[in-house]
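This report covers the interface, the overall form of one chain and two individual residues. The sequence and structure come first.

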Amino acid sequence: MQIETIERKTVTSAKGSKLPGQIGYGVLYLVLAVVAVIQVFPLLWLLLFSLKNNEEIFNLAPFALPERLRWENYEKVWTQGHISAYFFNSVWMTVVSVAVTILLASFVTFALTRMKWKLQSFILGLFMVGLMIPVHSTLIPLFSLFTKTHLTNHPLSIILTYITFNLPITIMIMLGFYYTLPREVEEAAVMDGCSVNRIFFSITLPMTASVLSTAVIINMIYNWNEFIFVNTFISSDKFKTLTVGIQNFIGQYTTDWGAIGATLMISILPILLAFVLLSNRIVEGIAAGSVKG
Amino acid sequence: MNKVMSNKSVIALYVIPSLLLILALIYMPILLTGYYGLMKWDGVGKMSFIGLHNYTELIRDELFWNSAKHSFLLAIFSTLSLVVYLIVALVLSAQIRGANTFRKIYLIPMLLSSVAIAQLWLKIFHPTNGVLNHILASLGIEHTPEWLSNPSIVLYAIFIPILWQYAGFYILIYYAALKNVPSSLIESARIDGASPWRIALSIRIPLIAEVMKVTVVLAVVGSLKYFDLIYVMTGGGPNGSSEVMASYMYRKAFKEYDFGYASAIGFFLLLICLVMTWLIRRATVTKDSIQYS
């Protein structure tokens with residue numbers, strides 16, 4: 001932030017208010033605005049057609065408003081199309097997986113950065129290499145493992161894979177924060193005869209609240225959007241999540257555009273809501289988790 | 001301090017649950033994929049050992065090489081598109097007011113599930129009622145393309161939503177890296193009379209070389225394992241013209257029940273991802289890594 005303000009000052013003093021400079025800036029803004037329009041318009045179009053019926057979608061201009069907003073599309077898919085069931089499956093599986101992932105990743109990150117033991121760097125390496133493994137290369141053995149243990153068509157297959165495959169990225173997001181966290185409080189606690197468990201739960205964990213929220217939101221987004229595991233391991237409607245459920249639903253209602261639009265809107269609304277409320281955390285998490293490969 | 005913080009039973013308690021998960025659900029499956037690749041197996045019945053047959057078959061399989069070609073084309077497109085993202089990030093970091101808002105807006109598509117994106121773009125690409133052909137028609141273009149059913153353009157069409165989906169992600173990474181370039185360097189170049197282009201090419205871009213390397217790895221490896229969007233939009237069709245390695249593997253396993261052969265593809269996919277990561281990192285080793293923090 002500081003750098004930004006300093007830079008801005010130097011630029012204004014260097015460039016003053018010369019006209020060519022202003023035109024140049026106008027062009028730059030135009031470029032950025034065009035990109036923003038491209039990024040947003042498909043979603044705006046989706047919102048509009050989710051509130052129209054087929055006749056209006058096919059005959060009106062793409063961005064025209066319908067005669068009246070047809071919220072009944074939403075009501076119809078929510079009550080008739082299993083969408084509410086898929087939605088709640090997505091919610092509870094996401095919540096459970098995220099909670100366990102965050103706790104386990106915090107344990108590991110604490111042990112890796114705060115405690116002293118042999119094999120530390122080897123274990124860290126194991127988790128980090130996990131980031132590079134394509135999920136498709138694990139899919140068939142996982143399917144076979146879950147079939148043997150009767151976990152296909154069981155929510156546990158989904159929750160276990162979500163936890164496991166999100167551990168590396170979550171640990172990666174947490175590591176940077178733990179490294180910068182001061183150790184004085186913990187050292188003092190050790191002097192006072194505190195146990196490791198107490199130090200972790202009542203000192204370290206509360207201090208990491210901000211990175212925890214970043215990790216939670218990133219995990220949430222990943223789990224909410226996950227497709228291939230559910231599509232492979234779950235075949236009964238009872239345990240399908242939204243990503244796979246909307247596939248089914250749209251397969252049955254291919255010609256009802258309004259209903260499809262409403263279904264898609266329902267599936268992305270929680271993410272859009274999280275984005276509006278927590279965009280800074282999301283940006284932080286994506287930046288922290290990106291430098292892998 | 002050392003005594004408390006190297007308490008072996010606590011370390012075991014903190015690390016072993018996560019370690020078991022990644023060993024059982026990530027590392028064991030990738031070894032098993034290679035092993036299953038040596039078998040003839042329909043996924044449920046008995047396996048029979050056939051040596052390297054699946055792998056030699058793979059080398060001769062034209063359909064596989066066709067899908068590999070598509071995956072590599074996507075990887076090349078993605079790498080080229082990084083240039084566009086870099087330019088947008090350079091514009092964003094040119095002391096633009098509202099840069100933070102712009103980069104957040106750009107990020108929205110990246111947060112949505114590939115399934116929802118695929119379903120939305122199926123509608124956008126719809127030959128008669130889709131918004132894209134609507135716009136093209138209103139611009140006076142008479143023969144609007146059948147984006148997804150024309151085998152010669154389907155792969156390019158599919159790349160459009162991919163471009164749209166990941167734009168915000170790469171712009172975010174580049175923008176964050178560019179913000180880290182010390183303003184003192186840029187300022188002194190400016191005083192020496194360097195043009196903004198010159199500053200971008202000779203100072204800013206070289207200083208974020210490390211980050212660019214990471215993004216190339218992400219783009220290439222990410223494209224090689226691309227699956228969800230293509231699976232939902234075209235299922236690899238029409239007639240294999242948008243098949244990629246992961247969708248080909250999925251078809252072999254879960255549609256044709258040739259699990260042994262599909263495992264061989266999965267193992268090959270893993271090797272290719274690891275080799276490409278290694279190759280790109282090697283090919284782009286910076287002679288002396290530049291420090292800029």
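## Interface between chain A and chain B

In this predicted model, chain A and chain B bury about 8,900 Å² between them, and carbon and sulfur atoms give 76% of that area. On the side of chain A, the residues that lose the most area to chain B are A:L32, A:Q39 and A:I140, which together make up 8% of what that side buries. The contact draws 97 residues from chain A and 91 residues from chain B.

The side of chain A that touches chain B consists of 67 nonpolar, 22 polar and eight charged residues. Between chain A and chain B the count of salt bridges is zero. Polar contacts do occur across this interface: 21 residue pairs are found, with both residues at pLDDT 80 or more.

## Fold and dimensions of chain A

Chain A contains 14 helices and zero strands.

The C-alpha trace of chain A spans about 75 × 70 × 35 Å along its principal axes. Of the 293 residues in the chain, 52% count as buried. Among contacts in chain A with a separation of 6 or more, 73% are between residues 24 or more positions apart.

## A:T214 in helix α11

A:T214 lies in helix α11 of chain A, which covers residues 209-225. Its relative accessibility is 2%, so A:T214 counts as buried.

Leaving aside residues up to four places away in sequence, A:T214 touches A:I173, A:R281, A:E284 and A:G285. With one of these, A:E284, the side chain of A:T214 makes a polar contact of 3.1 Å, side chain to side chain.

## A:Y74 in helix α4

A:Y74 belongs to helix α4 of chain A, residues 72-80. A:Y74 has a relative accessibility of 13% and therefore counts as buried, the cut-off being under 20%.

Residues up to four places away in sequence aside, A:Y74 touches A:L47, A:S50 and A:L51, as well as A:A262, A:M265 and A:I266.

Key:
Residues numbered from 1 in each chain as written. Chains lettered and ligands numbered in written order. Heavy atoms only, no water. Contact = heavy atoms within 4.5 Å. Buried area = accessible area lost by both parts, 1.4 Å probe. Salt bridge = Lys/Arg side-chain N within 4 Å of Asp/Glu carboxyl O. Polar contact = N/O pair within 3.5 Å; in protein donor to acceptor, adjacent residues only side chain to side chain. Nonpolar A, V, L, I, M, F, W, Y, C, P; charged D, E, K, R; others polar. Helix = DSSP H or I, 4+ residues; strand = E, 2+ residues; numbered from the N terminus. Buried < 20%, exposed > 50% of the residue type's maximum accessible area, 1.4 Å probe, protein only.
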